[in-house]
Amino acid sequence: MKQIIYEIKSQPLIAAVTVIGTALAIFLMMVVVMLQQVKVIPIAPESDRDRMLYVSGVSFSYGPDDNPYYSSGNSKMASPIAQEFGEDLPGAEGTTVSQGSHESVLIAVAGQPSFETDMRQTDEKFFTVYSFRFLAGKSFDEADVKSHLPKAVISESVARDTYGNADDAVGKELLIDEVPHTVTGVVADVSPVADHAYAQVWVPIEETDPTDFWEQIGLGSYILAIKAESPDKFKEIGDEINRRVEIVKSRYSDKENFVYDIQGAPYTQADETLHYGGSKPNPSAERRQRLIIYSILLLIPAINLSSMTRSRLRRRTSEIGVRRAFGCTRLRVITDILTENFVITLAGSLIGLFACLIFGSLLFDAVFTGGWFTTYAVKATVSFSSLLNWGMFAYAILFCFILNLLSTGIPAWRASRINPVEAINSSNR
């Protein structure tokens with residue numbers, strides 16, 4: 001360590017540039033990692049993402065080509081089918097059926113202008129499967145959902161903008177697309193990053209239309225979310241879900257060319273983030289893509305830092321020559337140089353990591369929410385403590401180690417092969 005401190009003091013400018021360059025490289029790398037992490041780390045009210053499974057879409061086709069209803073494609077489920085899949089599910093702590101995405105609606109209270117916000121239809125179990133924090137009142141109950149009563153749970157921001165505060169909102173009437181609803185409860189604002197739970201207004205699931213052709217064959221706009229007792233139950237739950245899918249298919253055995261496929265679901269939180277339309281998640285392809293991005297972000301700064309390392313080592317030619325003359329092995333020379341540079345690189349990496357965490361927690365809404373479309377002006381936030389986890393530290397240390405090897409390995413190897421006599425003589429010229 002004394003040698004490292006001596007080297008830093010003797011070449012402060014080069015050491016400072018090396019630390020800053022490493023910090024910038026790790027900062028950019030960790031921003032990319034954070035973009036992935038926010039999709040899977042626990043973020044309230046999705047506080048149990050490690051135990052969540054989702055059935056969020058189906059592929060379908062139906063009827064002969066000349067059938068006026070013939071169609072094929074991808075859809076979400078009708079609410080009765082989603083409820084059937086989740087009812088009394090072995091291995092599940094809880095299940096909930098909700099709209100697959102929020103919808104834009106106009107809300108208002110008497111005597112005030114309306115404004116646009118985001119609404120999601122849910123069942124009553126939605127507020128227990130996800131960890132909502134109620135500031136006033138409570139959620140609508142099972143009777144409300146089964147009766148399709150016009151009840152609503154609203155966010156703190158909506159309560160503040162309509163009634164002044166959360167306590168004054170409970171029991172009051174709220175117009176949603178000009179339909180009166182009774183507010184039963186107010187919850188803390190939900191970040192759009194928690195995209196399965198996010199909305200600003202939550203209402204009971206709409207009544208199923210028995211005459212609707214697509215609902216008759218199990219298609220609609222709903223998804224099933226499952227909170228498992230533990231990740232060990234994922235396979236048991238998946239097997240049971242697929243058994244129930246076969247039961248649904250058997251009901252339509254008389255329908256020509258009927259196909260109803262849940263596309264490999266249920267998906268974990270990580271796989272759900274890769275599920276788009278009718279495509280099944282492809283974790284391998286996603287990992288390859290990330291490796292390519294990481295490689296580019298590591299290789300470019302490694303090349304720049306390598307030149308800095310060579311510059312530092314050229315000033316130490318005589319020192320390395322003396323050490324070699326007194327019996328220091330090439331391996332020891334390489335190890336010492338790598339260790340010295342690792343400490344400097346580690347310092348830069350930690351600076352880059354903490355800069356990324358501070359940057360993310362302060363400017364999260366501006367940087368990380370491009371993929372989350374919301375109508376209502378609610379900032380997407382995430383706490384510093386949510387971003388600060390051992391996984392982020394592990395990534396930072398790993399990238400630091402790789403960056404150190406890439407930028408220092410070749411210069412260190414060349415330095416170890418210096419002829420001791422020539423190295424000592426070169427310092428006397």
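Predicted model: local features only at pLDDT ≥ 70, side-chain atom pairs only at ≥ 80, totals over all residues.
## Second largest pocket

The second largest pocket has a volume of about 330 Å³. Its lining is made up of 18 residues, and those closest to the pocket centre are Gln83, Asp123, Glu124, Lys125 and Lys146. By class, the lining of this pocket comprises seven charged, six polar and five nonpolar residues.

Three elements each contribute at least two residues to the lining of the second largest pocket: helix H3 (79–86), strand E4 (92–99) and helix H5 (142–147). Of the elements involved, H3 gives the most, with four residues.

## Largest cavity

One cavity of 30 Å³ or more is present in the structure. The volume of the largest cavity is about 30 Å³. Thr18, Thr22, Leu305, Thr309, Asn341, Thr345, Ser407 and Thr408 form its lining. Two or more of the lining residues come from each of helix H2 (12–37), helix H11 (283–314), helix H13 (330–368) and helix H15 (390–416).

The lining of the largest cavity is divided by class into seven polar residues, one nonpolar residue and no charged residues. For the second largest pocket, in contrast, seven charged residues are counted in the lining.

## Nonpolar surface patch

The patch covers about 430 Å² and is made by Leu350, Phe354, Ile358, Leu362 and Ile397.

Isoleucine 358, a member of this patch, is placed in helix H13. Its relative accessibility is 43%, and isoleucine 358 therefore counts as partly exposed, since that class lies between the limits of 20% and 50%.

## Cis peptide bonds

One joins alanine 44 and proline 45, with omega at about 5 degrees. Proline 45 belongs to the loop between H2 and strand E1 (52–55).

Aspartate 88 is not a glycine, yet its phi is positive, at about 45 degrees. This residue lies in the loop between H3 and E4, two elements that each supply at least two residues of the lining of the second largest pocket. Aspartate 88 has a relative accessible area of 70% and is therefore classed as exposed, the limit for that class being over 50%.

Histidine 148 likewise has a positive phi, near 55 degrees, in a residue other than glycine. Histidine 148 is placed in the loop between H5 and strand E8 (151–155). H5 is another of the elements that supply at least two residues of the lining of the second largest pocket. With a relative accessibility of 32%, histidine 148 counts as partly exposed.

Note on methods:
Residues numbered from 1 in each chain as written. Heavy atoms only, no water. 1 Å grid on protein atoms, 1.4 Å probe; cavity = no way out; pocket = protein on both sides within 12 Å on 5 of 7 lines; lining within 4 Å. Points joined across faces, edges and corners; volume = space filled by probe spheres on them. Nonpolar A, V, L, I, M, F, W, Y, C, P; charged D, E, K, R; others polar. Patch = residues over 30% accessible without salt bridge, like charges linked within 9 Å, V, L, I, M, F, W, Y side chains within 5 Å. Areas by Shrake-Rupley, 256 points an atom, 1.4 Å probe, with all protein chains shown as cover. Salt bridge = Lys/Arg side-chain N within 4 Å of Asp/Glu carboxyl O. Buried < 20%, exposed > 50% of the residue type's maximum accessible area, 1.4 Å probe, protein only.
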